[in-house]
Amino acid sequence: MSNTKECLVCKKSSNEIPLTKFYYQESEFYICPQHIPVIIHKPQELIGLLDGADNFEAV
């Protein structure tokens with residue numbers, strides 16, 4: 001993981017858009033408000049971005 005604070009999905013930085021920090025597998029990541037629903041409803045879009053995302057289930 002990079003030290004840059006940027007959205008995991010769209011790569012916009014904290015200088016461009018508000019970001020929320022979340023933790024997964026003892027690492028911290030950032031996501032913008034537009035992409036928070038991806039974690040909840042479309043986790044398959046995180047495959048390749050987060051290790052193990054292929055095992056996530058949508059709610």
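The structure is a predicted model, in which local features need pLDDT of at least 70 and side-chain atom pairs count only at pLDDT 80 or more, whereas totals for chains, interfaces and linings use all residues. Residues are numbered from 1 along each chain as its sequence is written, and side-chain values use heavy atoms, with hydrogens and water left out.

The overall dimensions of the chain were considered next. The C-alpha trace of the protein chain spans about 30 × 20 × 15 Å along its principal axes. For 59 residues, a compact globule would have a radius of gyration near 10 Å, and the value of 11 Å found for the protein chain agrees with this; the radius is taken over C-alpha atoms, and the globule rule is 2.2 Å times the number of residues to the power 0.38. Of the 59 residues, 27% count as buried, where buried means under 20% relative accessible area, exposed means over 50%, and partly exposed lies in between (1.4 Å probe, protein chains only). Among contacts between residues at least 6 apart in sequence, 28% join residues at least 24 apart, a contact being defined by heavy atoms within 4.5 Å. The protein chain carries 5 positive and 8 negative side chains, and the centres of the two sets lie 9 Å apart. In this count Lys and Arg are positive and Asp and Glu negative, while His and the chain ends are not counted; the place of a charge is taken as NZ of Lys, CZ of Arg, CG of Asp or CD of Glu.

Helices (H or I, at least four residues) and strands (E, at least two) are DSSP runs, numbered from the N terminus. Strand β1 (residues 20–24) pairs with strand β2 (residues 27–31) in the antiparallel sense over five bridges, two strands being regarded as paired if DSSP finds at least two bridges between them. The two strands form a hairpin with two residues between them. Across this pairing, Y24 stands opposite S27 in β2, and F22 stands opposite F29 in β2.

Both Q25 and E26 were examined in the loop between β1 and β2. Q25 has a phi near 50°, a positive value in a residue other than glycine, and with a relative accessible area of 51% Q25 is exposed. For E26 the phi is near 60°, again positive in a residue other than glycine, and E26 counts as exposed at 84% relative accessibility.

F22, which lies in strand β1, counts as buried because its relative accessibility is 18%. When neighbours within four places in sequence are left aside, F22 is in contact with L8, S27, E28, F29, Y30, I31, I39 and L50. H35 is found in the loop between β2 and α1 (36–41) and is likewise buried, with a relative accessible area of 13%. Residues up to four places away in sequence not being counted, H35 touches C7, V9 and C10. In the segment before β1, S13 is buried as well, with a relative accessible area of 15%, and S13 touches K5, E6 and L19 when residues up to four places away in sequence are not counted.

Beyond the helix, E45 is placed in the segment after α1, where it is partly exposed, with a relative accessible area of 41%. E45 and N3 are 42 residues apart in sequence, and the C-alpha atoms of E45 and N3 are 22 Å apart in space.
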